[in-house]
Amino acid sequence: MLTSVDTDLLRVLADPLRLQIVTLLAKETLCTTHLIEETGARQTNLSNHLKVLREAGIVETEPCGRFTYYRLKPDVIASLAGQFADLAETARATAENNTKRSCP
């Protein structure tokens, strides 16, 4: 079952720009400049979204000179995906067993 921590992650990933950032970071480690070019977002807006992703534990940073690179933490995404897989398996078993609560 999904816990409150997981629903917080879902809220973070529900934003279209943050989901776009996560999708880009799944393919490669990028700095803010690259992310601005790829998304078309303003620097301040992008920085705010990156802060939310960092605080949620979805991305991590790597300083490199005057730039900061961002990397996706795949274990966080894998954990969330695993919980959805468990939820789907429960739903599949319920459907196969025709499990339903009787009405009063």
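Visitor: Let's start with histidine 49: is this residue buried or exposed?
Guide: Quick housekeeping: this is a predicted model, where local features need pLDDT of at least 70 and side-chain atom pairs count only at pLDDT 80 or more, while totals for chains, interfaces and linings use all residues. Residues are numbered from 1 along each chain as its sequence is written, and side-chain values use heavy atoms, with hydrogens and water left out. Buried means under 20% relative accessible area, exposed means over 50%, and partly exposed is in between (1.4 Å probe, protein chains only). Histidine 49 has a relative accessible area of 10%, so the label is buried.

Visitor: Which residues does histidine 49 touch, leaving out those up to four places away in sequence?
Guide: Histidine 49 sits in helix 4, which covers residues 43-55. A contact means heavy atoms within 4.5 Å. With residues up to four places away in sequence not counted, the partners of histidine 49 are Asp15, Leu17, Arg18 and Ile21.

Visitor: And serine 47, how far is its C-alpha from that of leucine 35?
Guide: Serine 47 is also placed in helix 4, and at 27% relative accessible area this serine is partly exposed. Along the chain, serine 47 and leucine 35 are 12 residues apart, and their C-alpha atoms are separated by 9.8 Å.

Visitor: Zooming out, in what order do the elements of the chain run?
Guide: Helices (H or I, at least four residues) and strands (E, at least two) are DSSP runs, numbered from the N terminus. The chain has five helices and three strands. Reading from the N terminus, the order is α-α-β-α-α-β-β-α.

Visitor: Why is the chain called more spread out than a compact globule, and what is its radius of gyration?
Guide: The globule rule is 2.2 Å times the number of residues to the power 0.38, and the radius of gyration is taken over C-alpha atoms. For 104 residues that rule gives 13 Å, and the chain is well over this, so it counts as more spread out; its radius of gyration is 18 Å.

Visitor: What box do the C-alpha atoms fill?
Guide: Picture the box drawn along the principal axes. Roughly, the C-alpha atoms of the chain fill 65 × 25 × 20 Å.

Visitor: How far is phenylalanine 84 from glutamate 62, C-alpha to C-alpha?
Guide: Phenylalanine 84 belongs to helix 5, residues 74-97, and is partly exposed at 36% relative accessibility. In sequence, phenylalanine 84 and glutamate 62 are 22 residues apart, and in space the separation is 30 Å.

Visitor: What about glycine 82 and valine 52, how far apart are they in space?
Guide: Glycine 82 is in helix 5 too, and with 28% relative accessibility this glycine is partly exposed. The pair is 30 residues apart in sequence, and the C-alpha to C-alpha distance is 22 Å.

Visitor: How many disulfides does a search of the whole structure find?
Guide: A disulfide is a covalent bond between the sulfur atoms of two cysteines. Here, one is called when a pair of cysteine sulfur atoms lies within 2.5 Å. By that test, the number found in the whole structure is zero.

Visitor: Which cysteine has the sulfur nearest to that of cysteine 64?
Guide: Cysteine 64 counts as partly exposed at 41% relative accessibility, and is in no disulfide. The nearest cysteine sulfur is 9.0 Å away and belongs to cysteine 31.

Visitor: Is cysteine 103 buried or exposed?
Guide: The value to check is its relative accessibility, which is 72%. That figure puts cysteine 103 in the class exposed.
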